[in-house]
Amino acid sequence: MAFVSLWFKTVNSMKVVKFGGSSVANAEQISKIIDIVTADADRRIVVVSAPGKRHGDDAKVTDLLIALATAVLNGENHESALKAVVDRYAQIQHELALPKSVVETIEADLRGRIGSRGSNDLQFMDTMKASGEDNNAKLIAEAFTKKGHPAKYINPGEAGMLLSDEFGNAEVLPESFEKLAALKGESDIVIFPGFFGSTKAGDVATFPRGGSDITGAILAAAVKAEVYENFTDVDSVYAMDPRIVPNAPAIDLMTYREMRELAYAGFGVFHDEAIIPAVKHEIPICIKNTNRPEAPGTLIVPERKYEQTEVAGISSADGFCAIYIDKYMMNREVGFGRRLLQILEDEEISYEHTPSGIDNMSIILRSEELGKKEKTVVERITNELAPDAVSVEHGLALLMVVGEGMHYAVGQAAKATNALAEHGVNIEMINQGASEISMMFAVKEIDRKKAVLALGHAFFG
Ligand SMILES: Nc1ncnc2c1ncn2[C@@H]1O[C@H](COP(=O)(O)OP(=O)(O)O)[C@@H](O)[C@H]1O
Ligand SMILES: N[C@@H](CC(=O)OP(=O)(O)O)C(=O)O
């Protein structure tokens, strides 16, 4: 524990706390977050998501807003889609006994956003999506104040959360951090909506989906918080997705890079891009459960002690494809790889991995990245690189075995491949070595869960 407390050396005693959609999905959950925040005087800055799912087959408000915006963009009658959003807030308002005007204001806000739609559809979509967090933050600030805990809603754009104008996929601009540091001076509890900010031109822009985690990390870095507490609906980060492996071991302590690799390839519990602001300012991150705040959670820190060959977690994600290119004597053709990747750059396609051999090279990418450009890419590879064969395989899943101890990996790959073979999983591709701390396997999507269970059994027993 001495090592853990090292990372809690107090810069200033301020904690940034983020509550995900499941933690603010209804009045009961919002009451819990008020108790959690007010139980610790250091919890001064509170980032909230839009109301999430109340049960398994419920809809997230963000998805209801996307449906609403889509109806508007398609010129369809959007009244029932608008009602579905307003009703979610109305139920919360009613159960928290807040004034009815709260809901009227939200409905007026939504109609105002629809009415002021401009010519850029992506920007309109972001304005609508952002309203989920924005209206919830206003409602939650009222709920805190009503319970006797003065709280102040802060508008991200006005506070200096400046983002790039990549709508739906924005990134924070560096000057934001200095501006947002002023939040330290607020005397009331700050309620800050997650997921969006403002472009330099003053337009609303959102981070990628799940981006409220990113907002929290940026604020924690800006105010140099003692810790960034991220409250969700599980006690900790588990070594494998608990929906696949219900008895997966909990991870008490992990490093930033372990979390980033695992989050990037399937650990939906924390956004991979939320690690970066924390890394730069060495802010420890603690993942905790709103429904069991007394549980210690998972602490994510710059470094940790680890055993050789120790694996922290195994993540997996569907939705990948591979482009295979064969060309005899490829190894002697100077510039082949550059020309291949240039084709992807020209077509604005980002890729994940490029395992290669003497006479072949493959590119692994998300199927949605390739999308409708597949035909063009294959034609260009055929015409410009004159390969012996080029083919695309869809329906792949990636598995990542991640751990700081992986660079003592002698035997680790064999352990993994044996486990997969024993469970009848065919490995489509292996990539080991590019990252010191991970091993990647591509398998068919239908084998993904079986593969996670097989690897989990091999590495965790
Ligand atoms: N390795 C993992 N450890 C814990 N939870 C995980 C993991 N992988 C996926 N999850 C899922 O992430 C969920 C929490 O993330 P999310 O739904 O985004 O929550 P929030 O509503 O708090 O934003 C959990 O309920 C769990 O099903
Ligand atoms: N509400 C947004 C942003 C977000 O971070 O949500 P959550 O905390 O529920 O993952 C989304 O659904 O993408």
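Domain 1 puts 15 residues in contact with 18 residues of domain 2, where contact means C-beta atoms, placed from the backbone, within 7 Å of each other. Helix H10 (residues 256–264) contributes the most to the domain 1 side, with four residues; helices are DSSP runs of H or I with at least four residues, strands are runs of E with at least two, and both are numbered from the N terminus. By class, that side of domain 1 has ten nonpolar, two polar and three charged residues. Here Ala, Val, Leu, Ile, Met, Phe, Trp, Tyr, Cys and Pro count as nonpolar, Asp, Glu, Lys and Arg as charged, and the others, including Gly, as polar. The domains span 12–301 and 313–460, with bounds from an automatic or database assignment, and their centres over C-alpha atoms are 33 Å apart.

The model is predicted: local features need pLDDT of at least 70, side-chain atom pairs count only at pLDDT 80 or more, and totals for chains, interfaces and linings use all residues. Residues are numbered from 1 along each chain as its sequence is written, while chains are lettered from A and ligands numbered from 1 in the order in which they are written.

The largest nonpolar core holds 137 residues, of which Ile191, Leu219 and Leu399 touch the most other members. Such a core is a set of buried Ala, Val, Leu, Ile, Met, Phe, Trp, Tyr and Cys residues joined through C-beta atoms within 7 Å. Helix H6 (residues 121–146) supplies its largest share, ten residues. Beyond four places in sequence, the contacts of Leu399 include Ile314, Phe441 and Leu455.

The ligand shells take residues whose C-beta atom, placed from the backbone, lies within 6 Å of the ligand.

| Ligand | Residues around it | Closest residues |
|---|---|---|
| Ligand 1 | 18 residues | Gly20, Ser22, Thr232, Asp241, Val269 |
| Ligand 2 | 15 residues | Gly20, Gly21, Ser49, Thr62, Ser212 |

The shell of ligand 1 has six nonpolar, nine polar and three charged residues; that of ligand 2 has two nonpolar, ten polar and three charged.

An unreviewed UniProt entry annotates Thr62 and Glu133 as "binding site"; such annotations may be inferred rather than shown by experiment. Thr62 lies in helix H3 (residues 61–73) and is buried, with 25 other C-beta atoms within 10 Å. Glu133 lies in helix H6 and is also buried, with 29. Buried means 20 or more other C-beta atoms within 10 Å, exposed 12 or fewer, and partly exposed in between.

Key. Contact = placed C-beta atoms within 7 Å.
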